Every structure is written in structure tokens, then in C-alpha cells.
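Please open the model in your viewer and keep the selection tool at hand. The stops below move from charged pairs to a helix and then to the strands beside it.

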Amino acid sequence: LMLDETIMFTTDTAPAGRAISFGDLDHEAEWERAAKLLDLDPDIVRRLRHPQWECVSRHECSAGELSGAASLFIAMARPNRGESVASLAVSGQVSASSIAAAAQELRLQASLLEVAQDTAAIGLQLPSTIIDEQELWQLSRDCAPIVSRFLGEVQLLPADVASAAFANWMASVAAQFGGKLRAPAMRPEEYGSTLDEMIAESIVAMSALELEEIGKNLRGATAAVVGGGHIARRCMQLFQEAGMRIVAAADESGAVVESAGIETAPMFLHLDAGGLLVEYPDVQHALHSDAISMAADILLLESHGAEITEGNAASVQAPVVVEASAGNLTCATTQALSDRGVTVIPSRVTQCLRVLPDLGSSRARWLRKERAEKMRQRLGQLWNDLSELRKRHQLPLPRAALVLGLQRLAEVERATHP
């Protein structure tokens, strides 16, 4: 991204699905349940539960609308200073707690895939949601030496397009003094779209595996989709390519429902032209809540808030609910759905492929046909491990994912600190 390309990044328009928090499912009570089930030593749990974090620098900003102090946070889930992966978020909403959560979530996701890596998280907390490009570039120059000193060799996993630009600039600056910060080898916009593609591919693959568990397959199945982001759109396309019908679609403006299946291509053209879903012609319109309660095989959530709560969980008819973005479901809501026999596929599982070492520099290549089989093998093995754990201990899938991740982390911890 060249500096003469005049742009403004705004964090409130960043695509959903890459939130850095790991949600209510990982609060203390869930960890305690998982640790008790595994009979883990409290000292191990304490070391795993609380990543080290600190605000390593503050920079005064003055250009454009960006005025005030920008704070750089770094959290390390396993500070061995080996080669690591680190999530990166540039936002006005970044906090120390969210950065610590992101580092922990990366480590859990890596453990699910049995990838032995150090994990960390980097967050630049801005004093404004509007990011002036020149100021952001200057901040990247200031932050690169600090990040290199704290983390050593690290593969950066940006959260969105603005963060990808920041990662590229930091990596370029670090290389000038021998630093080893590695950013995605593609333009920020391309990185954002390929990251969405990867998550969508994972969602469809996991949805197919769960439908097989209940005696169904994608062809002939139905889906209701809540959320109008890039991941939701791509999932709808992939679902339809696999022979599914999209029977409901909803965004913040409203919902459309069609038991025979919605033609998504013209709907996307309408939305891309600036139209609202509630204004889409020649379809049956419904309330937002109707999409959530639609009789479908899969309910996909890709929105910015909690669409399902304890209060409306009983209205969900879909046997499978898929979390495309973190924070859609609280622990209590997940439990309420599980008590009714609904399987929740959490974002921890649908997004875990992002931690694979070769994805940071070659995500686009990973999604080519010759690599798709490797992705399916990875997800298939993880699914088998989760299914075995779910059946053995009668666990809901989100809790099984936490238990499996914690079990594998504890094994590494024992070997590292006997």
C-alpha cells in the first residue's frame, strides 16, 4: 500500500468475523470446569489462564483527526522468544484485556491443530476511530523496533485491512535493522478477502461434518444466515454451490425469507448498489427475529452483537448454530442451546486455521484446489478428536474445544516446566 494512495481507515467498517476477544465462553467458570474435568494442577491452570501483557509504549499523535496518545500493548501467552505467531489489531477499541484474550485464544487454536508455536498479541489503541494514513505509517515506524525487541521472530496475523497495512509497514521497517517481523505477502485488501475466504471454507467444512453426525449432508439441506458481512456472503455462495438452500437472510435492516430458497446473486447486487435488505423487491420480508427462528438445518451467525440470548434461545429451530465471529454467543446462551439439543460450532473452531505457519505468507495459495485437501484433513482430524471427547464426557462442542485445547496445552506445559 503506497503512501500516495490517499485513503482513510475506519475501524467501525471493518468486516466482522475477526474479533480479537474470545468471548464469554472462556471466563473463569468455564476454565474451572475444564480444569476439573482434566484434573489439572492449579499452578498449570494459572500459568495457562493469564498471559503476560503490558503497555510497552505510548506515542503522541497530532495529524488529521488523530490526536492524543496511541498506546501499544503486547501480550505473550508463552514468552519463550522462539518463532511465534501474533494477532495484530489496530483500533480505538483495543485494550490490555482484549490483547491478553487474543494471545490466549491464538494459543488455544494452535493447540487444537497441534501446532507447537509461541503465541502473542499486539494491539495499537488509537485515540480515534478514524485513522489518518500518514500518522498510522509513522506509528508503524515507531512500533516496529519495540515489537521486534519484545517478540523476536514473529508471523503477524492482522485482524483487518487497516491492521494488515500496519503489519506490512512494520515488517518493512523492521527488515532495515535486521528485525524478523513477517507480514502477509499481499495487499491489505487482498489479505482481508482471503482471510474471509479461509473462514468461510472452514465454516462450510465444519457444517458438513456436523450434518453428517445427524444423518444429513449439505446437498438438500437448508440454512438461515444472520449478518451481512463478507464471511456471511461467501458462506451463502459456498452453501448454494454445495446444493443447499438459503431460506432466510437477515442484516441490521431486516430479513427476507423464502422456503424455496433465496437467489443470492441478485440480492448481493442490490446490496452492493447501496440498497437495504428491507428494500429488496419481490421477496417475502420478515422480522429479524424470524430469521433466527426459521426452520433450517443450519443457523449461521455473523453479526457484531449477541443475536441469540437466553431469552430467545428457545425459538431457535435449527439443530446446528455456527458462530462465524467471536462473541456472538455467551456461555449461558450456549448452554441454553445445548440443553435443547442444539449443536453450537464456536468461532474458536471455525477460525482456527489462521494459526497455521504457512497461512500468514501464503493464504491465497492455501485456498487453491491443490491445498484444499490438506485443509479438509486438518479439520477432519480435529473434528474426530472433538467428537470423541464430546461423546466420552457428554460435552457441548464449545466446551469440548476448550477442554481439548487446555489438555494439549497442559501437556506442553508439563514438558516445558516439569
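Select E30, R33 and R399 to begin, since these residues are linked in a network of salt bridges, a salt bridge being a side-chain nitrogen of Lys or Arg within 4 Å of a carboxyl oxygen of Asp or Glu. The structure holds 13 salt bridges. Side chains of opposite charge can pair when their charged atoms come close.

This is a predicted model, in which local features need pLDDT of at least 70 and side-chain atom pairs count only at pLDDT 80 or more, while totals for chains, interfaces and linings use all residues. Residues are numbered from 1 along each chain as its sequence is written, and side-chain values use heavy atoms, with hydrogens and water left out.

Next, show D385 and R408, which form a salt bridge whose closest N and O atoms are 2.7 Å apart. This pair links distant parts of the chain, with D385 in helix α13 (residues 369-393) and R408 in helix α14 (residues 397-416), 23 residues apart. Helices (H or I, at least four residues) and strands (E, at least two) are DSSP runs, numbered from the N terminus. Both D385 and R408 are buried, where buried means under 20% relative accessible area, exposed over 50% and partly exposed in between, for a 1.4 Å probe and protein chains only.

R392 and E388 are 4 residues apart in helix α13, which separates them by about one helical turn. An α-helix has 3.6 residues a turn, so residues three or four places apart point the same way. E388 is partly exposed, at a relative accessible area of 41%.

Now move to D297 and K216, a salt bridge with its closest N and O atoms 2.4 Å apart. Here too distant parts of the chain are linked: D297 lies in the loop between α9 (288-292) and β13 (298-301), and K216 in the loop between α6 (188-213) and β9 (222-226), 81 residues apart. D297 is buried, with a relative accessible area of 10%, whereas K216, at 38% relative accessibility, counts as partly exposed.

Strand β9 runs parallel to β13 and is joined to it by 4 bridges, two strands being paired if DSSP finds at least two bridges between them; look for V226 opposite L301. Strand β14 (residues 320-323) also runs parallel to β13, again with 4 bridges, and there V322 is the bridge partner of L300.

Which elements do the buried residues of α7 pack against? Select helix α7 (residues 230-241) to see: its buried residues, among them I231, M236 and F239, pack against α6, β9, β10 (245-251), α8 (264-272) and β13. The 12 residues of α7 reach 17 Å from first C-alpha to last, close to the 16 Å expected at 1.5 Å a residue, the expected span being 1.5 Å times one less than the number of residues. After α7 comes G243, with a positive phi near 95°.

Finally, zoom out to the whole protein, which has 14 helices and 15 strands. Of its 418 residues, 58% count as buried.

Terms used
Contact = heavy atoms within 4.5 Å.
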